[in-house]
Each structure stands twice: as structure tokens, then as C-alpha cells.
Amino acid sequence: LGRAGLPSLSPSQFLRRQQVLQLYRKILRAIREVPAEADRRYLKDWTREEFRRNKDATEEEAIRMMITQGNMQLQELQRTLKLAKS
């Protein structure tokens with residue numbers, strides 16, 4: 001175990017973890033723009049649950065696919081929000 005009781009990560013695992021955390025933050029930031037509070041709450045809960053459900057994933061290819069999928073969903077949300085504002 002490394003610092004603070006966390007398992008030691010290889011450089012690629014560290015970078016992947018940074019990508020996941022960055023994606024998580026971007027999604028939560030985008031959700032803040034959703035006008036209806038009920039929708040915001042639903043999306044936030046759904047996002048947290050998805051990330052929590054996959055937090056123990058270790059297979060590189062699966063994690064890469066999940067990051068790609070998450071980025072696509074983020075872009076879709078951003079597009080929808082942009083359309084709603086116009």
C-alpha cells in the first residue's frame with residue numbers, strides 16, 4: 001500500500017485514474033447547468049452510482065471503453081443543454 005493506505009499505482013493506472021476523476025468532475029459540472037432540480041438530482045445520483053458501480057474495474061481495455069462512453073454521454077448532455085438555451 002502506498003501513501004494514505006491507497007494501493008500503489010503504476011504510471012498508466014495513475015493516469016487512467018486522473019482521467020476518470022476528471023471525467024467525473026466534468027459530468028457533475030455539466031449537470032449543474034440542468035434547469036430542472038429533479039432532473040439535476042436524478043442525473044447526479046445516476047452518475048455517482050455508475051462511477052461507484054465501476055470503481056473496482058481493473059481491466060485496462062474495459063476502463064478505456066467506459067471513459068470513452070462517459071465522454072460521449074458528457075458531450076451529449078452538453079449539446080442538449082446548449083440546444084435548450086438557444
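Select Leu 9, Phe 14 and Leu 15: together they make a nonpolar surface patch of about 300 Å². A patch takes residues with over 30% relative accessible area and no salt bridge, joining nonpolar side chains (Val, Leu, Ile, Met, Phe, Trp, Tyr) within 5 Å and like charges within 9 Å. A salt bridge puts a side-chain nitrogen of Lys or Arg within 4 Å of a carboxyl oxygen of Asp or Glu. Areas come from the Shrake-Rupley method with a 1.4 Å probe, and for residues only the protein chains shown count as cover.

This is a predicted model; local features need pLDDT of at least 70, side-chain atom pairs need 80 or more, and totals for chains, interfaces and linings use all residues. Residues are numbered from 1 along each chain as its sequence is written, and side-chain values use heavy atoms, without hydrogens and water.

Stay on Leu 15. It counts as exposed because its relative accessibility is 55%; exposed means over 50%, buried under 20%, partly exposed in between (1.4 Å probe, protein chains only).

Now select residues 11-31. This is helix H1, which holds Leu 15. Helices are DSSP runs (H or I, at least four residues), strands likewise (E, at least two), numbered from the N terminus.

Zoom out. Of its 86 residues, 16% are buried.

Finally, show the whole surface. The accessible surface is about 7,000 Å², and carbon and sulfur atoms account for 54%.
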